[in-house]
Amino acid sequence: MPYPPPSRTPSGPRRRTLLASAAGAALLAGCSAGADSGDDGPSADARARARAARDSRGLLARYDAVLVAHPALTDRLRPLRAQVAAHAAAFEDGTKPSPAASKSSAAPAPVPAAEKDAVAQLAAAERALADRRAKELLQVPGELARLLASVAAAGAAHAYLLTEVAK
């Protein structure tokens with residue numbers, strides 16, 4: 001009966017180990033450097049926060065214009081306006097406001113003379129902003145995406161409530 005040949009253990013790493021190591025190194029290299037990794041300007045997160053804060057401040061200016069033109073709506077609009085102000089503050093929390101963001105870049109749209117039309121215009125502004133934020137939240141990282149989703153949902157609720165007020 002012949003003896004089996006002695007088992008030889010290969011010297012050095014196995015092929016699977018090398019392939020796994022190369023794949024892992026490629027993944028790490030791909031995750032560590034990106035287009036936004038340079039320090040030449042604000043991050044995409046900071047730009048998205050600044051844009052969201054600016055949008056909320058613009059919506060707040062619309063509420064203020066409607067309240068000045070139609071003081072009878074104060075009791076109905078005050079809670080919604082307070083929430084929009086809280087949204088703006090949440091987006092600005094922990095960020096340095098830029099000089100351009102602190103200035104009002106555009107005057108709010110003129111307020112219609114009829115209360116129902118003014119409230120309908122506010123509802124349309126809330127709906128449009130909520131839709132933009134819902135699309136944008138897919139392009140931003142975790143915590144900011146959650147904040148955008150929450151504020152977009154609140155904006156959609158505001159649009160619904162304002163539509164009911166306008167009826």
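Trainee: Which residues of H3 meet which residues of H6?
Mentor: Arg-76, Leu-77, Leu-80, Gln-83, Val-84, His-87, Ala-90 and Phe-91 of H3 meet Leu-144, Leu-147, Leu-148, Val-151, Ala-154, His-158, Leu-161, Leu-162 and Val-165 of H6. Contact means heavy atoms within 4.5 Å. Helices are DSSP runs (H or I, at least four residues), numbered from the N terminus. The model is predicted: local features need pLDDT of at least 70, side-chain atom pairs count only at pLDDT 80 or more, and totals for chains, interfaces and linings use all residues. Residues are numbered from 1 along each chain as its sequence is written, and side-chain values use heavy atoms, leaving out hydrogens and water.

Trainee: Why is H3 called roughly antiparallel to H6?
Mentor: H3 and H6 (residues 142-166) pack at about 165°, axes 11 Å apart. Axes are lines fitted to C-alpha atoms over the stretch in contact, and angles run from 0 to 180 degrees between N-to-C directions. Over 145 degrees counts as roughly antiparallel (under 35 roughly parallel, 65 to 115 roughly perpendicular, the rest oblique). So H3 is roughly antiparallel to H6.

Trainee: What angle do H2 and H3 make?
Mentor: H2 (residues 44-69) and H3 (residues 74-92) pack at about 160°, with axes 8 Å apart. Therefore H2 is roughly antiparallel to H3.

Trainee: Why is Asp-64 called partly exposed?
Mentor: Asp-64 lies in H2. Its relative accessible area is 30%. Buried means under 20%, exposed over 50%, partly exposed in between (1.4 Å probe, protein chains only). So Asp-64 is partly exposed.

Definitions and conventions: Helix = DSSP H or I, 4+ residues; strand = E, 2+ residues; numbered from the N terminus.
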